[in-house]
Amino acid sequence: MSAAAPRSETRPETIAPDAALPPAPAPDPDAAGSADTPPSGGAGPRTAHDYSGYPVVAARHPWRWAGTALVALFVAAVLWSLLTNPRWEWDVVAQWFTAESVLRGLGETLKLTAIAGTLGFILGFILALMRLSSSPLLVSVSWTFSWIFRSAPLLVQLLLWYNLGYLYEKVSLGIPFTDVRFFEVQTTTLISQFAAAILGLTLNQAAYSSEIIRGGILAVDQGQLEAAAALGIPAWRRSTRIVLPQAMRSILPTAFNEIIGLVKGTSIVYVLAYSELFYTVQVIYNRTQQVLPLLLVATVWYVVITSVLSVFQYYIERHYSKGAVRTLPPTPLQRVRRFFSTHAKTSEVAR
Amino acid sequence: MNSPALPAVAAAAATRGLVEISNVHKSFGQVEVLRGVSLTVEPGEVVVILGPSGSGKSTLLRTINHLEKVDAGHISVDGELVGYRARGGKLHELREKEILAQRTHIGMVFQNFNLFPHLTAVENIIEAPVYAQHRPYAQARERALELLERVGLSDKVDVYPRQLSGGQQQRVAIARALALDPKIVLFDEPTSALDPELVGEVLDVIRSLADSGTTLIVVTHEMGFARDVADRVVFMDQGQIVEEGAPLQIFGAPRHERTKAFLSKVIEPAFNL
């Protein structure tokens, strides 16, 4: 907007028939008292000031830019030291990263996570339903389970399961308080390292996930259950179709936290000399003495698994947010695609 | 033993939607919310329940489909006890499955709609006919589309509740209640959560239902609606029915002091504006 000659016929925002003042000069926020407000004096009718011809100037955020620059500098410094400090021994990392024993360990880690995670959450779901039931017995059994398995350290639980043979030599199925036995096994043959690991991880996971699922179910509006009950929808359908999908929205973020925790938590089974990723790496560096590079091998694999899980989390959460927001925001992929298509268009226009 | 049920069963077709409430009591903790309420609603009748908040209107409504258990007294629909079975001089509590079956005859519309937010409009309507009444999916869907058209939302079939206005949501909720072909529809303050400009569209749908011969029991604060649509107006206060009668009588010449006081508070300010 240029300054100021008497152009009031072409500038509707200065139409003020009785204005004794000259038309307002161009907007200049620094000049005190000359803000673009319509002259309010005079006795004639007040006409609203028209801002339709004004361009919008975006607010500036200089500190945001300063902060960004600082963080970028810090990230660059860290990357630089990671890449240039020879003591990280990236060549050793690369050498062992896809070694057969490491990959086998990785497979075991994934297997433990998948099995303990799945069984843990299934058991956790059952425990959560028990805890929310109206039977005092079920409630207290569920509560006690969570209490015990959240109290005892996982390390102790694993060692206890593995050494079950010391406490109970034989495991048998029969009629209690009689001598009738249908079958009987040595505990030590029944509880392998794998079985002990799965038992320990699953039960521990179930105790935590039951609380997560219970929290999610409690977060669902009571009116939803009431409406479903008023419509005569059967109990099982009510839980699975009405309550659980809505509970999932609050369950998922914490549940993925748990699963990602479990991926790394499986490393604790090294106490059973179970050859998952972490134990394998330990065995290797005890032999080669390349401690840090091999720990890096394990770490980078954990990062890879977590990244993949995070992508799953994003899409699963998106699935369950159907109907919860008016329109779903675009996925990162869609955003990238949109960016390139609009970018292509503008560059075409430029040409 | 269950002889009182017999005549009602014989005349089932003629008495579709007869509600008999007799001497119902209900307490929440120390507070007695219903103190001996008796009311008979004839088949096809439209009854509007008025009263100050806390008078027990909503609770009474919720006892009719057994969302609230009564402490004393009983309720029957078409001669069939709600929530109990009379046998050998005793009332046996029904199992959950049987209660759910009874509820499919009684539609309910809530103040806050309570639509399932993760299901589309049509999915909301189909759920109960398919899973509570075991109707074939295709038939239920066809009926759902008919109902959506009837409430004027045939263009919102696959839309999620949050993408609808309050009035539209409540109309979907009404369609959902009607999908079970109920004998009775209960309305619990169906327009209280709506912007004033959206109240009319919901009341229009209810008004058209009133003409269809379904028994309607409506708790509302819409006095104009009560006057125009109700066959009978019931005024409740402090857990009891104070007065009941034709709308003209209740609004024109209330007999009871409490009714007069309530109506003068609710109606006059609105007209003095």
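A: In this predicted model, the area buried between chain B and chain A is about 2,200 Å², and carbon and sulfur atoms give 56% of that area. Three residues, Phe116(B), His118(B) and Arg162(B), supply 25% of the area that chain B buries against chain A, which is more than any other three residues supply. As background, the size of an interface is often expressed as the accessible area lost when the parts come together. Counted by residues, the contact takes 26 from chain B and 23 from chain A.

On the side of chain B that touches chain A, the elements giving two or more residues are helix H3 (96–103), strand E8 (106–109) and helix H4 (121–131) of chain B, and H4(B) gives the most, with four residues. By type, the residues on that side of chain B divide into 14 nonpolar, five polar and seven charged.

Charged residues lead on to the salt bridges. Side chains of opposite charge can pair when their charged atoms come close. Between chain B and chain A the count is four salt bridges, whereas a search of the whole structure, over all chains, finds 22. One bridge between the chains joins Glu96(B) to Arg238(A), with the closest N and O atoms 2.8 Å apart.

Another salt bridge brings together the side chains of Arg62(B) and Glu226(A), at 2.8 Å from N to O. This pair crosses between chains, from helix H2 of chain B, where Arg62(B) lies, to helix H9 (residues 222–230) of chain A, where Glu226(A) lies. Both Arg62(B) and Glu226(A) are buried. Just after H2(B), His66(B) takes a positive phi of about 65 degrees.

In chain A, the side chains of Arg131(A) and Glu211(A) meet in a salt bridge at 3.2 Å, N to O. Arg131(A) lies in helix H3 (residues 100–132) of chain A and Glu211(A) in helix H8 (residues 193–218) of chain A, so this pair ties together parts that are 80 residues apart in sequence. Glu211(A) also meets the side chain of Arg214(A) in a salt bridge, here at 3.0 Å, N to O, and these two residues both lie in helix H8 of chain A, three residues apart, about one turn of the helix. In general, an α-helix has 3.6 residues a turn, so residues three or four places apart point the same way. Arg214(A) counts as buried because its relative accessible area is 18%, which is under the 20% cut-off, while Glu211(A), at 21%, counts as partly exposed. In chain B, Arg135(B), Arg143(B), Glu146(B) and Asp181(B) are linked in a network of salt bridges.

Finally, chain A as a whole has 13 helices and two strands, and buried residues make up 31% of its 351 residues.

Terms used
Residues numbered from 1 in each chain as written. Chains lettered and ligands numbered in written order. Predicted model: local features only at pLDDT ≥ 70, side-chain atom pairs only at ≥ 80, totals over all residues. Heavy atoms only, no water. Contact = heavy atoms within 4.5 Å. Buried area = accessible area lost by both parts, 1.4 Å probe. Nonpolar A, V, L, I, M, F, W, Y, C, P; charged D, E, K, R; others polar. Buried < 20%, exposed > 50% of the residue type's maximum accessible area, 1.4 Å probe, protein only.
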